[in-house]
Amino acid sequence: MRKDFLRNTLVALPIIVSVLALTINLSQARELDDIRAAIKSRGAKWHAEETSVSRLSDGERRMLVGAVKPSFAVQQSSQTTGSSLLSAPSGTFDWRSVGGTNYVTPVRNQGNCGSCWAFATTGALESYTLIHGTFSMDLNLAEQILISCGGAGSCNGGYIDKASNYIRATGLPPESYYVYTATNGSCPADTTWMNFTDKILAWKWVTTNTPDVATIKNALFTYGPLVTTMEVYSDFFSYRSGVYSYTYGSLQGGHAVLLVGYADDATIPGGGYFMVKNSWGTGWGEPGGADSGGYFRIAYNQLGSVVCFGEYTIAYDASAPACTYSISPTVKSFSSSGGSGSFSLTAGSTCSWSAQSSVSWLSITSASGGTGGKTISYSVTANTGTSSRSGSIKIKDGSGNVVCSFSVSQQKRGK
């Protein structure tokens with residue numbers, strides 16, 4: 001009887017799989033019809049077709065997004081000063097063709113891993129290197145290093161600001177040092193790759209929360225391709241060509257992409273569109289440069305729509321001076337009765353910082369934040385306990401990284 005059950009199950013299994021596949025195909029066909037109907041009814045200026053990603057299951061689609069919004073505190077602290085923005089020319093500007101030269105590397109494919117944040121920032125580093133460093137269109141840097149070693153995220157999503165911190169501090173080596181696996185992976189024990197990295201000098205927020213077309217255009221023209229974010233809705237998976245604007249479907253998640261150009265066009269809602277490199281391979285989207293697909297155009301008016309295009313935008317800056325910080329002295333000891341003191345912080349005049357005590361009995365009495373060098377004063381309360389204690393004042397840079405630490409120790413009661 002068991003053999004008959006197994007035999008019948010094996011016979012039925014291909015039929016069940018075929019029925020499920022047919023059900024999925026019919027569902028996707030209905031979705032495509034609904035998207036096309038919405039495009040027509042809204043007068044949108046793009047075309048929907050079956051693509052390499054629209055054929056995926058809902059779960060696989062959601063793995064294509066993964067940009068996590070930075071916290072408000074990080075957004076504010078990461079704003080930096082630097083070179084003034086140039087005025088972008090009207091008309092069309094595209095980093096894939098500046099004086100006949102392409103400064104954008106080929107479209108990559110993140111696969112079944114929510115690593116868009118890593119591909120967008122790596123793509124920006126590659127363009128930065130082509131513009132300011134050694135030019136080679138064979139340049140292909142290792143996104144996997146960023147995923148496995150960078151601490152900025154994983155295949156479940158990540159942060160473009162934290163990834164940019166890693167790219168500034170450590171950089172990325174060529175792809176050959178760690179070929180992309182579309183998994184979280186492990187950071188290599190052999191650190192030889194660190195001797196062959198490309199880095200950025202500095203990065204800055206262009207927009208946070210309230211993007212505007214002029215600022216993004218000017219930053220794009222001034223700095224090069226920009227890392228930016230958007231909200232992906234289900235209609236976007238079926239994008240094939242044209243100027244995208246939201247028409248249909250539910251929110252799938254945050255997404256990070258590389259903004260490479262713009263075109264002013266009075267026939268497009270908002271007066272024009274941006275040109276953007278995605279990381280879903282060339283089987284999706286429209287051609288760009290030598291790529292057969294992988295790009296999209298998006299209307300300016302999507303900055304203020306549910307798509308939230310450009311909400312968090314980062315520029316990699318080669319002209320802004322790198323900030324360095326130091327303190328003197330670095331340690332101080334107190335008796336149980338407590339007291340007060342100060343230490344000097346040295347920093348560039350445009351370098352922002354903040355100071356924070358790690359314990360309640362150690363208080364900052366003056367200069368808890370600002371820009372440039374300062375004298376930071378503090379006080380230590382009496383220790384009435386029977387154990388000695390220690391604490392510190394941490395100095396964080398404009399990106400929220402701890403750059404200096406002032407250590408305080410105090411003896412126990414009676415000492």
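This is a predicted model: local features need pLDDT of at least 70, side-chain atom pairs count only at pLDDT 80 or more; totals for chains, interfaces and linings use all residues.
Local features need pLDDT of at least 70, side-chain atom pairs count only at pLDDT 80 or more, and totals for chains, interfaces and linings use all residues. Numbering runs from 1 along each chain as its sequence is written, and side-chain values use heavy atoms, without hydrogens and water.

**Exercise 1.** Find how many helices and strands the chain has, and what share of its residues is buried.

*Solution.* Start with the elements. Helices (H or I, at least four residues) and strands (E, at least two) are DSSP runs, numbered from the N terminus. The chain has seven helices and 21 strands. Next, burial. Buried means under 20% relative accessible area, with a 1.4 Å probe and protein chains only. Of the 415 residues, 47% are buried.

**Exercise 2.** Check the span of helix α4, then state how many of its residues are buried.

*Solution.* Helix α4 covers residues 116–132, 17 residues. The expected span is 1.5 Å times one less than the number of residues. That gives 24 Å. The end C-alpha atoms of α4 lie 24 Å apart, so the two values agree. Now the cover: 15 of the 17 residues in α4 are buried.

Note on methods
Buried means under 20% relative accessible area, exposed over 50%, partly exposed in between (1.4 Å probe, protein chains only).
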